[in-house]
Amino acid sequence: MSTAVSPLAPTDVPDMPAIAGVRLATAAAGIRYKDRTDVLLVLMDKGTTVAGVFTRSKCPSAPVEWCRARLKSGGARALVVNSGNANAFTGKTGRQSTKLTADIAAKAAGCKASDIYLASTGVIGEPLDATKFNGVLETLARDAAPDRWMDAARAIMTTDTFPKVATARVKLGKATVTINGIAKGAGMIAPDMATMLSFVFTDAPISASALQTLLKSGVEDTFNAVTIDSDTSTSDTLLVFATGTAAAHGAPKISRASDPRLKAFAKAFHGVLANLAEQVARDGEGARKLVEVIVEGATSKLSARRIAKSIANSPLVKTAIAGEDANWGRVVMAVGKAGEPADRDKLSISFNGIRVATRGARDPSYDEAEVSRAMKSPTIRINVALGLGKGRDRVLTCDLTKEYVAINGDYRS
């Protein structure tokens, strides 16, 4: 965890309200560092439903495999998250660690091990000593309270420089329901489902199947449209839990994602995911600039996404932005290498609303001083117009600085 907070950190941090049926607690279990909060326990009432999406990496962590197997039941009672150790590439030992962690948590929570969900983040390849959870989870179960959202967000941080939280309230039937989310992620971010770790909770009474549909749709233009360094984690996990306690206050029970009564909730849910995803981009390791890449005029949305990611993942584009250089030649390069339909002589490129290139050449009105001033902004928007169709997409990223190298060069040291 960095000691210097990112200059892109949100200045307005929301008050996170309690959600009926959710209690949280954190502790220092000594997973990797001494005297550092590194374990989170979330307890949920009976009847809580769950949905999840996970990394498509072919080398997933043991907790990812554990959660995938549990998800079929559609129910959950507790979540255990640890930082400092990803429990990935740990073989049979890793699987034994997840089983032991779940058994310890189940005893503490008074439920079955199959109702426990797990997530781990940190170093890959190091065995996780699950015996360190002995006693700790029992104490956390006794101390869990509904108002510890910021503590929870801090407990799951690794190289993050600030805790990531988001909340929304929305009407569902006669009741006002709450959606709270926390996330972590600063490096090894090129999600192929979600971010490294994110957990969302609501008191809305929504079935597991409806939640799963909402979640799969929600990640596409939020977490899946964020990249820090083009590297997809072994541990990517996004879980959503719905306690259903708002049913007692007039919220209708929702069994289908297509239910028209869910429209406002779906919009608010998407907003929470988008907020958390942007915070991940704002906390990219060593980042000093938030970068929004917008590609339009592509032959399809998918084509626009691929081109936008090619730009957002380019080390040359990202280092130019770090140096406050509107080097449109590097953007041209990234468009050309994406393998998608593009016509050099129809291409236009803008930085923060200033067109720098058009029709295959530098813009005739290009003003170096004007563009240089624009590039000093902490937020940079790159617009690419292809002029081929109606496909449009947007991807968030950040610049690439010397600090990124320093952070990752020392990560295991």
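Helices (H or I, at least four residues) and strands (E, at least two) are DSSP runs, numbered from the N terminus. By that rule, the chain contains eleven helices and 15 strands. The model is predicted, so local features need pLDDT of at least 70 and side-chain atom pairs count only at pLDDT 80 or more, while totals for chains, interfaces and linings use all residues. Residues are numbered from 1 along each chain as its sequence is written, and side-chain values use heavy atoms, with hydrogens and water left out.

The overall form of the chain may be considered next. The radius of gyration is taken over C-alpha atoms, and the globule rule is 2.2 Å times the number of residues to the power 0.38. For 413 residues, a compact globule would have a radius of gyration near 22 Å, and the chain agrees with this because its own value is 22 Å. Along its principal axes, the C-alpha trace spans about 70 × 55 × 35 Å. A contact means heavy atoms within 4.5 Å. Among the contacts with a separation of 6 or more, 81% are between residues 24 or more positions apart.

A residue is buried under 20% relative accessible area, exposed over 50%, and partly exposed in between (1.4 Å probe, protein chains only). Of the 413 residues, 56% count as buried.

Some of these buried residues form nonpolar cores. A nonpolar core is a set of buried Ala, Val, Leu, Ile, Met, Phe, Trp, Tyr and Cys residues joined through side-chain atoms within 4.5 Å. The largest core has 56 residues, of which Leu79, Phe199 and Phe201 touch the most other members. Strand S2 (residues 39-44) supplies the largest share of this core, with six residues. Apart from this core lies another, of 44 residues, including Ala51, Val177, Ala277 and Ala287.

Beyond its neighbours within four places in sequence, Phe201 is in contact with residues including Val42, Leu79, Trp149, Thr178 and Phe241. Thr178 belongs to strand S7 (residues 175-184). Thr178 is buried because its relative accessible area is 3%. Leaving out residues up to four places away in sequence, Thr178 touches Pro17, Ile19 and Asp203, among others. Pro146 is 32 residues from Thr178 in sequence, and their C-alpha atoms are 13 Å apart.

Another strand residue, Asn85, lies in strand S4 (residues 78-85). Asn85 counts as buried because its relative accessibility is 5%. Asn85 and Asp129 are 44 residues apart along the chain, with 9.4 Å between their C-alpha atoms.

Two loop residues complete the account. Asp35 lies in the loop between strand S1 (22-27) and S2, and its phi is near 60 degrees, a positive value in a residue other than glycine. Asp35 is exposed because its relative accessible area is 70%. Asn352 lies in the loop between strand S11 (348-351) and strand S12 (354-358). Phi of Asn352 is near 50 degrees, again a positive value in a residue other than glycine. At 23% relative accessibility, Asn352 counts as partly exposed.
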